[in-house]
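Colleague: I am new to reading protein models, and I would like to learn with a real one on the screen. Could we go through it feature by feature?

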Amino acid sequence: MKRILAAAAILLFGLTSAGAFTIAPGRDCQSLGGQWNYIVDPMNTGIYKYQMQLQKPSKRYFADRHFYGDKTTLIEYDFDHAPTLTVPGDWNTQSDKLYYYEGSIWYRRTVDFRPVEGRRWFLYFGAVNYQCMVGVNNNILGTHKGGFTPFWFEVTDVLQEGENSLVVWVNNTRGESEVPTVNFDWWNYGGITRDVFLVSVPKVFISDYRISFDGKQIDIKVSLDGGNCPVTVEIPELGIRKKACTGRDGEVCFKVKASPERWCPENPKLYDIVVSTADDSIRDRVGFRTIRVDGEQILLNDKPVFLKGVAVHDETIGLNPGRCRNQEDARALLEAAKDLGCNFLRLAHYPHSEEMVRLAEEMGFMLWEEIPCYWNIDWSSEETYANAENQLVEMIGRDANRAATIIWSVANETPRTPQRLEFLGKLIAKARALDPTRLISAALQKDKPDFYHPIIEDELVDLTDIISFNQYIGWYDGKPADCDNITWTVPSGKPVLISEFGGGALYGNHGSDSELFTEEYLALLYRKNLEMIGRIPALNGLCPWCLKDFRSPKRPLNGIQDDFNRKGLIDEQGRRKQAFFVMKDYYSSLSGELVVGTFNLRFLDDYRPDYDYKFGGQPWMVRRPAVKAFFEQNNIDIIGLQEVRRAQAADLEEDFGKDWFVYCPGRLSGGEMVRTSDEAVGLMFRKSRFNLLGHGRFWLSDSTEVAGSKRLGQSSPIVTSWVHLEEKYRPGKDVWFFSAHISWSVSENPSLPDQEVETLLAEMERLTGIGRNEFKSSATPVFLVGDLNNTVDESPIQTLEGYFNDARTASPESASTNINTFNCYGKESKASIIDYIFFGAGSAKEYIVDTSSYDPEVKFISDHYPVLSRIYYD
Ligand code: GCU
């Protein structure tokens, strides 16, 4: 290999790939995909003479000469008579003869060209595996190494009017000092595996733009090539339009305060952006989000996020899988991951195509992207380091504007040597310098002083933002049952992500769950691993290895593997294995959508044949069937009611099963508070990643009204039961949740309200152990919800508001329309209190129900009261 690159250095006319070059949508790009003629050249005869001297320019295959022209000149190749390969595509799956082929292949296609005054032309390659040399009309433009990242060459001065000959020498020979090195567990697909474009730009063109968002401000840096001029950036939907001129360095930066809708898996919002000059413009679609770690928690848009991942190779689904060639191939993989319930993908072990990354972004997948410093590369070679760093630079250069990409990874399962630590340390520093906005990681391995107490003690942990490691308990290590007795020790203080786990199974191979490669074995392995992984502290996500069975020359077991690594949850044809459904159930147990309807409804004190409920203190009344109908028509998961009496709990169970809760206790018929829907509250918290430390419900009212009813602090029995419940579920964020019903009749005792507020606050301090002045800043959120304001005097509320963030209550005016709303001391509207409980700001949306088709009574309910919170949790 070295010899060929040395040759290239001699052959080159000083033409190398331009600095930065973006082919963002909107560029004038002509795809050169299609049928290319090819010549297999295992001896590199197209470059070397018999004694390995370099061929003369006229003799090398870049010359693209034709024997069949006059058959009198000895030319022992002729692309016109050579077979073709499809570009983009790997060569291995296009011809049985090339299935195992590793070596050199020449690609040639002709390009028709019409010059246009004042324009420049570039050849842009999405990726060529592994290294290549590119020539146009026998002018060698340059070389590239690294099979998974884009590169380009300016061809303005070498293109001629009419037919042009584009010849590419491609070689995928593995090498000790290459990246990846000689040994890796995927098929070494060779070829021009991603699309090729002829791109036309003006003399001065936009070579690159970089956009980032820190939660408050959008930063846009635009780079020009060929000169300086005014640049305009526009994000129409945000009303952003900025214009400025580039400086001497051909760059200009824009800083704009903005609060765009955040990109996230549930809402992968993208905005159109246009970057333009007088002669040039590019359009793109970008998302805005923040990603960071806070102690042991990964925060997406300042909210805890759990990475429901799967690892995937860049390989199609089908009878004859090969490298993905287009959006359709990528979509098939993404659809399978969506079906699995994922919100995160580990694109292993090398940068995947730009189509894959952009489509994943549109579909709401967060991404881990990595470069193939895989297993044991040549850590002490400068050339190897330069190669690895270049692949990192090109990967980040291509995808730095993608909101979906949240993690850059620099290595997979590498040995703990000082050379490796230094090598990867430099790469990590480079990645941080290129892009300080994303998390940096590497897939580590465990150490096992003893089998049942594996430990992660890799020094690289100090350099990465998250702790990611691969483990194969139940496959390479022990049996699935061993998971029950394994305790992991992982350094604390950083979020943990299991970047690989799993085992193999041949689709349709059934048998006992102790027989390797049966679907039953793999399903058991997954169940056991998920339980074990659930016990790992600071767990923020996991990535089964892997989505699909993929080709690997390391997997020859005939009859079962047949050149496929069988660790997919689907096989190469996309057929779901049993383990797929184990994983899908696990993820769906972590995610879902919850619609909570809070109604100021209370059961009538006395039985009325035609009505069951009334609204707050109002004369409006409805029957149970109507409320039930509204519940069903809006797919409400949980209903919150104001007051019920014990006797009515049965009716609620009948109508709503366990999915109801009361945000203040029953009072009218006196006696003990009804057994309200603790399960419901528990259900809500269980389904969320919040850990309910305690739930208190307070009945505070003037003494006259509820003789005998218990007043403050009715929560203690509940606290204990919650803690027990929570331990059963995945550890998550701790919260305190209090609901209260306060209504003052100032007329009787003007000072009562303040006393009551004081009593309430004191009780909350007692239960939580948190001072009221720390409620706002407490790491363990303290929430107070309830019906608090159906009086004319606001002061008690203001007092309470003082202790909570963003407290908001329905204004007194609301009383005038007598709406006794679900006041919340949390976020904007009552809906958001639930949202705030579950996810912090923003993901719950109050939405207006289209009631036109409802029968009158249901319409009455919908038109007047309901506040529905559509809550996504993951
Ligand atoms: C490793 C490696 C993967 C490989 C897998 C396996 O952990 O990272 O690339 O395919 O194990 O053995 O199947």
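Colleague: Let me start with one residue. Is Gln-561 buried or exposed?

Modeller: Good place to begin, and please keep in mind that this model is predicted. To answer, we look at the relative accessible area, and under 20% means buried. Gln-561 has 10% relative accessibility, so it counts as buried. You will find Gln-561 in the loop between strand 29 and strand 30.

Colleague: Which residues is Gln-561 in contact with, leaving aside its neighbours within four places in sequence?

Modeller: Gln-561 is in contact with Phe-517, Arg-555, Pro-556 and Arg-566. Take Phe-517 as an example: 44 residues separate Gln-561 from Phe-517 in sequence, yet their C-alpha atoms are 9.2 Å apart in space.

Colleague: Where does Asp-563 lie?

Modeller: Asp-563 lies in the loop between strand 29 (550-551) and strand 30 (564-565). With a relative accessible area of 12%, Asp-563 is buried. Look at its backbone as well: Asp-563 is not a glycine, although its phi is positive, at about 70°. Asn-137 is also not a glycine, and has a positive phi of about 50°. Look for Asn-137 in the loop between strand 6 and strand 7 (139-145).

Colleague: Which peptide bond next to Tyr-130 is cis?

Modeller: For this, we read the omega angle of the bond. The bond from Asn-129 to Tyr-130 is cis, with omega near 15°. Tyr-130 sits in the loop between strand 5 (119-125) and strand 6 (131-136). Another cis bond runs from Ala-348 to His-349, with omega near -25°. His-349 is in the loop between strand 22 and helix 3.

Colleague: Now a loop residue from another part of the chain. Is Val-155 buried or exposed?

Modeller: We use the accessibility again. Val-155 is at 1% relative accessibility, so it counts as buried. The loop that holds Val-155 runs between strand 8 (151-154) and strand 9 (162-171). Beyond its neighbours within four places in sequence, Val-155 has contacts with Trp-121, Phe-122, Leu-123, Val-136, Leu-141 and Leu-198. From Val-155 to Phe-122 there are 33 residues in sequence, but 5.4 Å in space, C-alpha to C-alpha.

Colleague: How do I check a helix? Why does the end-to-end distance of helix 2 agree with what it should span?

Modeller: Compare the expected span with the distance between the end C-alpha atoms. Helix 2 (residues 327-340) has 14 residues, which at 1.5 Å a residue should span 20 Å, and its end C-alpha atoms are 20 Å apart, so the two agree.

Colleague: Which residues of helix 2 are buried?

Modeller: They are Asp-329, Ala-330, Leu-333, Leu-334, Ala-336, Ala-337 and Leu-340. These residues cover an arc of only 155° around the axis, which puts them on the same side of helix 2. They pack against strand 21 (307-312), strand 22 (344-347), helix 3 (354-363) and helix 7 (578-590).

Colleague: What volume does the second largest pocket have?

Modeller: The second largest pocket has a volume of about 1100 Å³. It is lined by 50 residues, and Asp-208, Tyr-209, Arg-210, Gly-397 and Ala-400 are the closest to its centre. Elements that give two or more residues to this lining include strand 8, helix 3 and helix 4 (382-399). By class, the lining has 22 nonpolar, eleven polar and 17 charged residues.

Colleague: And for the whole protein, how many helices and strands are there?

Modeller: The protein has 16 helices and 42 strands. Of its 874 residues, 60% count as buried. Among contacts between residues at least 6 apart in sequence, 70% join residues at least 24 apart.

Methods: Residues numbered from 1 in each chain as written. Predicted model: local features only at pLDDT ≥ 70, side-chain atom pairs only at ≥ 80, totals over all residues. Heavy atoms only, no water. Helix = DSSP H or I, 4+ residues; strand = E, 2+ residues; numbered from the N terminus. Expected span 1.5 Å × (residues − 1). Buried < 20%, exposed > 50% of the residue type's maximum accessible area, 1.4 Å probe, protein only. Arc of directions from axis to C-beta. Contact = heavy atoms within 4.5 Å. 1 Å grid on protein atoms, 1.4 Å probe; cavity = no way out; pocket = protein on both sides within 12 Å on 5 of 7 lines; lining within 4 Å. Points joined across faces, edges and corners; volume = space filled by probe spheres on them. Nonpolar A, V, L, I, M, F, W, Y, C, P; charged D, E, K, R; others polar.
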